[in-house]
Amino acid sequence: MRVRGTDSRGAALWNRLLALGLWLLAIALAQPTPNTPPPDLSPRVFEIARALRCPVCQGESAAESNAGIAVEMRRIIAEQLAEGKSEAEIRQFFVQRYGDWILYEPPARGLTLWVWLSPLIGLGLLSFGLWRYLSRVKAQAKAPLNDVSEEEITRLEAELNTERSS
Amino acid sequence: MTPGLLGGVSLVAALILSVLGLVLSSLAFVLRDGRYLEAAKRLSALGLLAAVLSFGALEWAILTDDFSVSYVANHSSANNPLWVKLVTPWAALEGSILLWAMLQTAYTWLVSLRAGYSLDIWRAPVALGTLFAVQVFFFAVMVFVAHPFDAVPNPPPDGRGTNPLLQNHWMMAVHPVLMYLGFVGLSVPFAYAVAAMVARRYQSWIFETRWWTLVAWGFLTAAIFTGKWWSYEILGWGGYWAWDPVENASIIPWLLATAFLHTAQVQERKGLFKGWNFAFITLAFAATVFGTFLTRSGVIQSVHAFASGPVGAWFLLFLLAVMAGGLGLLARVSSEIREAGEVRWKSREGALLAGALFFGTFAFVVVLGTLWPLVVEIASGAKVSVGAPFFNQVSIPLGIFMLLLMGIGPVLPWRNSSAQVLRNLTAMLIALGVGTLLGFVLGLSLGVSLAIGLFAYNLTAIWLMVAQGVGERARSLGISPTQALMELATSHKRRFGSHIVHFGVALAALTIAFSQTYRFTEQKTLQIGETWQTRGVEVRLLSIGARQEYNRFAAVAPIEVRSTGREGWGSDGRYETRLNFYPQMGSPLATPVVKYSLYNDYYFVLMQFDQENGQWATLKIIVTPMVWWLWVAGLIIVLGTLYILWPSGARVSSRQMSPTAGD
Amino acid sequence: MLRFWPIWVLLLGGLFYWGMQRPNPNELKSVLVGKPAPSFSLPLLEPYRAQYGPEMGIGERVEKPVLLNIWASWCIPCRTEAPLLERYHQQYKDQVLFLGVNVQDKESEALKFVQQYGLTFPSVYDGRGRVGIEYGYYGVPETFVIDRNGNVLARHAGELTEAQLQGYLRQVLQ
């Protein structure tokens, strides 16, 4: 068992509740966070954080999550922006520590290049299928009628009949 | 009689009835005996009854706080307000499967009413048998692995409570039900397709299946939009679509069903694309099962996942069975279907086909993007993420093509195009150019300008088609244009409904372009009384306080907002930002205050506050343009669908389906 | 393509089966393994200052192998892990440096925790968890095994069992 995701985040905020003292509801294990305000964050910070994955959360970005790590990540981004670092450098900072996993946008190289190519692959595969289909349709349209088997004609007639009766 | 007993017994009854239904349908098919079919039809009604009883028993147990029932003890609380109790059945795994199964029995019953009409003795047993088989699966899962009515030996005084995310917004009462109505609804077209493939009647199934698909599609669309709404108003991150795997799982069947709705017209009209239609609808249903599997197996990380358990393996087997059955039949059928005819690219069918190509591609991209992290992990052991920035980027070109085709398709006639069509297309292209240029002049980004152009383009297309139709009719019959419009709108419901839907889609695309491009987020810590100037508004923190509500605590920070510029128009007022603390979940929920206006949409979230002295609070402000219009667009699409489905009296099949369509 | 449908179904089934049988689907491999451990120096928690000085951390060079344990007082698994670490610290303190990093915590709570479990191995205080991010942590507890040359040998996410701890110690002392 390991504290992750909602647990740790929950614990974090839970404790604030305790500390408030107003609401003596909690008995809990609380993650005491320092009672200091987080830094003010510019729109740019959120833009960058939105493309980064929050490490402890189940699929939330560092811009959205309230987990302690995400709060700290936003602070790091703000600090590095103030130092004049570029967006690419800030991303690189996190990739060096967490690997490509932290990027919501997979890098266009190696195995994840295929994801970027997927629209082309999909379009290609479907177009190929369509082309084969259309050429078959054309061939069938040209084929003489006596190629149609007795069995199929019976079936088609039966289908036409049910349609009329329904 | 206790709710637990009633629920348990009726669940077993429903399972037995479903198995019997499957057996009788099979007998009817093998022996070609109508009596077995009649019996199976009755069983479908009984199955519905048993499922309703079981579901009612769960509601009963929740409403009477019967904590000797495992589901109630684990997922409800005596303190919950009435409406939360009413929606608790679909707040967790077992109950959601029960709801799903109940809706499935309802659809099965509706289909059984069609046996003897559009479904002949060749096909009815197969269609019903398929649906019974699906039912067997869901009831078996409940009876054997995810039993909602397990007895709790020592009932606790209170339950563990309901997931707070679901309690925070009334939309959660609606969204899952709509989603299941859509997902389960797709089982019917699948059953029709299976019946057609087994009975080897490849043409006539399409007529009625289109209606069923449209019903499911309408629910699915409504579910997706309510889901976006919920995500926007509850999750507090200022967005409505995160491309989370579970959201992807809901969009995949939607895309495939949309593709089907379009190519089905070609089959109806020209008897072409039969094989493709089978494929689209089979895959659409498989995609619903895929989505259910993803949410319940924990195989891929997601915010929306239910707690995973042994049901994952069951759902996997079910998914594979559906895929194997559907694809196996398809493989057999595709070599046999006779499709004779000619496809002209420069006609309606060409546009419909190209549209289906893009819907299919989009679905392929979403599936691949969702699964790729797993593939990469198998191949290299490394973890990667494929998330919103990726999907947003690839959606842009695909979306542009789809919007272009959406305009062209209805304008092109089935036959060869005429001079009039060329004039129309020219007008549309001019609208596209003018709209895009207008965007540039206003200083908007390339993408947004293009979105404006595409909106104008589609609007022009719809306007031209309606105006020309009305004009022609008014002239030839010598009636007033209003009267001609009324007559056309009632006699060509499908066409007019599709105009409405297309208009909604064009509007949705426009709002998505605006809101995704110009979202503004900022965070600042304010002392009490301090004001904050940002994006056209002045925000003042008034106080910080605490409050106890029925089953939660709330930290509240009221703020006063004054607009200082044109951008902030409509945002004035006093609002209460808050963090809700639920005892059963450690994590507090930031409930954003959302202030919609016709253009910018203001969104305030309380992030943190001074726990010791109550002197400061950290606020996040998110300004997004046009989100309100996205909900309008969703409503328009759903209303357009309803317009098509609304029984006109003349159409037998639509009258039969009115119980679902009218919901 | 459609002819090969059994293959497609099997591939999909295999993919999902593999995904479901992973013991921990959320596990994330550290990119630091085999690389030099990031250096840092942080103030020690008060009880350790007398013996170790005001600050401690990982430098360019380490004197002996290090077992870097990231923990927090609010983390439940840390409570069962703490006595285990303490026991092995007593046994191996001459050969391996046990170093705790308290993250995302209040100092007073951390001190209480240290006292409660009688932890004698030093712990530094990192209230915001900055060092955690330097090491790419994604939860607590998390343990990094650093060899004599200052390279990360392994990262263990989650609570250590005794056998695992022994294994890491053996590996690092070879």
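Biologist: How many salt bridges does the rule find across the interface of chain C and chain B?
Modeller: This is a predicted model: local features need pLDDT of at least 70, side-chain atom pairs count only at pLDDT 80 or more, and totals for chains, interfaces and linings use all residues; side-chain values use heavy atoms, with hydrogens and water left out. Residues are numbered from 1 along each chain as its sequence is written, while chains are lettered from A and ligands numbered from 1 in the order in which they are written. A salt bridge is a side-chain nitrogen of Lys or Arg within 4 Å of a carboxyl oxygen of Asp or Glu. Across the interface of chain C and chain B, the rule finds salt bridges numbering two.

Biologist: Which side chain meets C:Lys106 in a salt bridge?
Modeller: The N to O distance is 3.9 Å. The partner of C:Lys106 sits in chain B, and is B:Glu612.

Biologist: How many residue pairs are in polar contact across the interface of chain C and chain B?
Modeller: A polar contact is a pair of N or O atoms within 3.5 Å; within protein, one must be able to donate a hydrogen and the other to accept it, and residues adjacent in sequence count only if both atoms are side-chain atoms. Both residues need pLDDT 80 or more here. For chain C and chain B the number of pairs is three.

Biologist: What area do chain C and chain B bury between them?
Modeller: Contact means heavy atoms within 4.5 Å, and it takes 18 residues from chain C and 27 residues from chain B. In chain C, C:Trp5, C:Phe16 and C:Met20 lose the most area to chain B, together 31% of what that side buries. Buried area is the accessible area (1.4 Å probe) that two parts lose on being put together, summed over both. Carbon and sulfur atoms hold 78% of it, and the total is about 1900 Å².

Biologist: What area is buried between chain B and chain A?
Modeller: Chain B puts 81 residues into the contact and chain A puts in 69 residues. On the chain B side, B:Arg338, B:Ser385 and B:Gln611 supply 11% of the area buried against chain A, more than any other three residues. Carbon and sulfur atoms give 63% of the buried area, which comes to about 6700 Å².

Biologist: Which residue of chain A forms a salt bridge with B:Lys524?
Modeller: The rule finds one salt bridge across the interface of chain B and chain A. The closest N and O atoms are 3.5 Å apart, and the partner of B:Lys524 is A:Asp40.

Biologist: Which helix of chain B gives the most to the side that touches chain A?
Modeller: Twelve residue pairs are in polar contact across this interface. Helices (H or I, at least four residues) and strands (E, at least two) are DSSP runs, numbered from the N terminus. The top contributor spans residues 348-380, gives 13 residues, and is helix α14.

Biologist: What percentage of the residues of chain A count as buried?
Modeller: Chain A has six helices and zero strands. Buried means under 20% relative accessible area, exposed over 50%, and partly exposed in between (1.4 Å probe, protein chains only). Of the 166 residues of chain A, the buried share is 50%.

Biologist: Is B:Ala92 buried or exposed?
Modeller: B:Ala92 lies in the loop between α4 (82-87) and α5 (93-112) of chain B. Its relative accessibility is 6%, so B:Ala92 counts as buried.

Biologist: What is the relative accessible area of B:Arg200?
Modeller: B:Arg200 also has a positive phi, about 60°, and is not a glycine. Its place is the loop between α9 (187-199) and α10 (205-234) of chain B. B:Arg200 is partly exposed, with a relative accessible area of 25%.

Biologist: What is omega for the peptide bond from C:Val140 to C:Pro141?
Modeller: C:Pro141 is found in the loop between α5 (130-134) and β6 (142-146) of chain C. The bond is cis, with omega near -5°.
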